[in-house]
Amino acid sequence: MNETISLLKNRRSYRNFKNIEIPQNHLDEIILASKQAPSSMNMQVYSIIIVRDKKLKQTIYELNPQNPQINDCSVFLVYVIDYYRSYLTAQKYGKPFSIENNQDVLMTGSIDVALAMQNAIIASESLGYQSVCIGGVKAIADKLVELLDLPRYVFPVCGLCIGVSKDLTMNNVKPRYPHNVFVDKYDRDQLSYIAQYDKTIIDFSEARETLVWSDKVSNYTKTKNEKINELLKQQF
């Protein structure tokens, strides 16, 4: 097994960080690696906000207190879907610009963000750092629009904490659902596999998991986040 594949297979999230500053040259390498991720038609409809200011990080944490790692990590990156440049180029060429109610816009931007973030994760961990993604930034997206001075057509999707973990002995890799790779056609007979995976996750015994996996998954689409929906209408 080569070093890259080993890194990918053993990657896990870390949430407790030491108060250590990442050297600028390391951060530069992480950002450059992130920007080299694939992008649909090379449009690069995402941007990265580097949050290093301690007061700003603390403010973001206070808005999202269930994620104290935002305040503790060495650097916090906010990845945003970004169609502001597309808007400016449309103006430059005198073309109409409207992305309202366009689901493809969200899909393309989200994919660009995800690919860029994954590159940053692997780059940072190859340099000896640990990381964790913060999907909770969506819950405070309206505040981030103000704090980060995001123009229209820009929307925060996910955050990334990077730093040095306080406890590198926590090296248990969470087992993944084993029956979501198919050959030639989708296997719809998933209920028995779901039950097996529930048991696997229970046996894994991660303290932060308070629900059975399938119960947690079933809860996800119960309610719409109207605040996010309204902000999407405002921004897009």
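**Exercise 1. Is Tyr153 buried or exposed?**

Start with the ground rules. This is a predicted model, where local features need pLDDT of at least 70 and side-chain atom pairs count only at pLDDT 80 or more, while totals for chains, interfaces and linings use all residues. Residues are numbered from 1 along each chain as its sequence is written, and side-chain values use heavy atoms, with hydrogens and water left out.

- Step 1: find the residue. Tyr153 sits in the loop between H7 and S4; helices (H or I, at least four residues) and strands (E, at least two) are DSSP runs, numbered from the N terminus.
- Step 2: check its accessibility. Tyr153 has 9% relative accessibility, so it counts as buried. The cut-offs are under 20% relative accessible area for buried, over 50% for exposed and partly exposed in between (1.4 Å probe, protein chains only).
- Step 3: look at the backbone. Phi of Tyr153 is near 75°, a positive value in a residue other than glycine.

**Exercise 2. Describe the largest nonpolar core.**

- Step 1: A nonpolar core is a set of buried Ala, Val, Leu, Ile, Met, Phe, Trp, Tyr and Cys residues joined through side-chain atoms within 4.5 Å.
- Step 2: The largest one has 53 residues, and Phe76, Leu77, Tyr79, Leu160, Cys161 and Ile162 touch the most other members.
- Step 3: see who contributes. Elements supplying at least two residues each include strand S2 (75–82), helix H6 (103–126) and strand S4 (154–163). H6 gives the most, with eight residues.

**Exercise 3. Sum up the whole chain.**

- Step 1: count the elements. There are 10 helices and four strands, running α-α-β-α-α-β-α-α-β-α-β-α-α-α from the N terminus.
- Step 2: For 236 residues a compact globule would come out near 18 Å, so the chain's 19 Å agrees.
- Step 3: finish with burial. Of the 236 residues, 36% count as buried.

Conventions
The radius of gyration is taken over C-alpha atoms; the globule rule is 2.2 Å times the number of residues to the power 0.38.
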